[in-house]
Amino acid sequence: MLQRYWFGDVDEQECRAAGTDPAALAERAATLRTGMESYVPIDWEVARDCGVVRTREEYVDLLRSVCTALARKKIAQSYQGRDVELLQMVRMLDELDNVINLLQERAAEWYQVTNPSFSRKYRSLPARKMLGIIRKGARGGLSDAAEEIERLAGTRSRLMREVSARADEVMPNTSALIGGLVAARLLSRAGGLSALARMPGSTIQVLGSERALFSHLRGGTPPPKHGIIFQHRRVHNAPREVRGRVARVLAAKLAIAARLDYYRGEAVPEFLKDAQVRIDEAGVTA
């Protein structure tokens with residue numbers, strides 16, 4: 001019975017070597033599909049008898065080179081995915097949000113030290129107005145810092161638009177259901193489009209609510225009904241008594257949409273039309 005190994009083909013009568021080029025052997029290894037029920041493990045001496053190597057050290061060195069070449073190929077392939085850049089864009093957007101929020105809080109605290117009348121009333125204003133007040137009333141470094149925060153906020157706004165547009169390309173069905181920005185955040189939390197496409201609707205529904213879920217498991221608090229998808233208007237605008245049902249139906253349709261995005265890569269109008277109807281029906285109160 002012929003057995004295929006990374007270094008060559010072996011049967012009861014002979015061994016046919018596949019060469020000694022690590023790149024070619026890595027290509028060969030990537031195509032091997034041998035079931036464990038029929039796999040026959042062998043010693044390195046078989047590779048020696050094939051003429052591939054002369055010593056065990058050479059066998060180990062060649063095998064290491066093949067594994068390294070195979071790993072590099074897989075890494076290169078993973079970076080060619082359509083969702084890879086979007087993933088990094090969302091993570092940059094999240095970091096910008098964290099930095100801007102932290103700097104705004106620090107600027108408000110600094111300004112309040114020098115201007116005690118800058119009370120909580122002003123700090124509750126929209127960030128842009130609050131920063132405008134600080135920039136006009138402050139001097140020196142604080143004024144410069146407020147200006148830089150405003151510049152960062154502009155960068156965040158432009159990046160948000162880019163993320164949404166990119167999500168429309170990479171995840172056309174998912175984006176059509178919940179918008180590009182929320183779809184991109186789902187993708188980021190899942191770790192990629194392939195991972196999101198493998199998730200059931202029940203997981204997508206609570207994706208992003210891990211703290212509430214752990215609290216439920218440890219302390220018996222009410223289980224979370226939604227995670228990231230709460231950011232979409234269909235969920236947070238739904239009446240409280242049907243919000244959980246809307247989230248459940250939406251998540252089920254998102255699971256299908258993610259699979260369509262991953263395997264087809266294009267919008268499916270028939271599915272989107274039916275999904276919109278089902279989600280709308282879920283939001284109707286009794």
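Trainee: Which residues of α7 are buried?
Mentor: Leu 142, Ser 143, Ala 146, Ile 149, Ala 153, Arg 156, Leu 159, Val 163, Ala 167 and Val 170 are the buried ones in α7. Buried means under 20% relative accessible area, exposed over 50% and partly exposed in between, with a 1.4 Å probe and protein chains only. Helices here are DSSP runs of H or I with at least four residues, strands are E runs of at least two, and both are numbered from the N terminus. Bear in mind that this is a predicted model: local features need pLDDT of at least 70, side-chain atom pairs count only at pLDDT 80 or more, and totals for chains, interfaces and linings use all residues. Residues are numbered from 1 along each chain as its sequence is written, and side-chain values use heavy atoms, with hydrogens and water left out.

Trainee: What do those buried residues of α7 pack against?
Mentor: They pack against α4, α6, α8, α9, α10 and α14, where contact means heavy atoms within 4.5 Å.

Trainee: And how does the span of α7 compare with what it should be?
Mentor: It agrees: the 31 residues should span 45 Å at 1.5 Å a residue, and the end C-alpha atoms are 45 Å apart. The expected span is 1.5 Å times one less than the number of residues.

Trainee: Nice. How many residues are in the largest nonpolar core?
Mentor: That core has 44 residues, and Leu 86 and Leu 177 have the most contacts inside it. A nonpolar core is a set of buried Ala, Val, Leu, Ile, Met, Phe, Trp, Tyr and Cys residues joined through side-chain atoms within 4.5 Å.

Trainee: Which helix gives the most to this core?
Mentor: α14 does, with ten residues.

Trainee: What does Leu 86 touch?
Mentor: Leaving out residues up to four places away in sequence, Leu 86 touches Val 163, Arg 166, Ala 167, Val 170, Met 171, Ala 184 and Leu 187. There is also a second, separate core of 15 residues, which includes Phe 7, Trp 44, Val 53 and Leu 70.

Trainee: Switching to the strands: in what order do they sit in the sheet?
Mentor: The order is β1-β2-β3 in an open sheet, with antiparallel pairing. Two strands pair if DSSP finds at least two bridges between them. β2 and β3 have three bridges, and Asp 9 has Arg 16 in β3 as its bridge partner.

Trainee: Last one: is Gly 137 buried or partly exposed?
Mentor: Gly 137 counts as partly exposed because its relative accessibility is 39%. You'll find Gly 137 in helix α6, residues 127-137.
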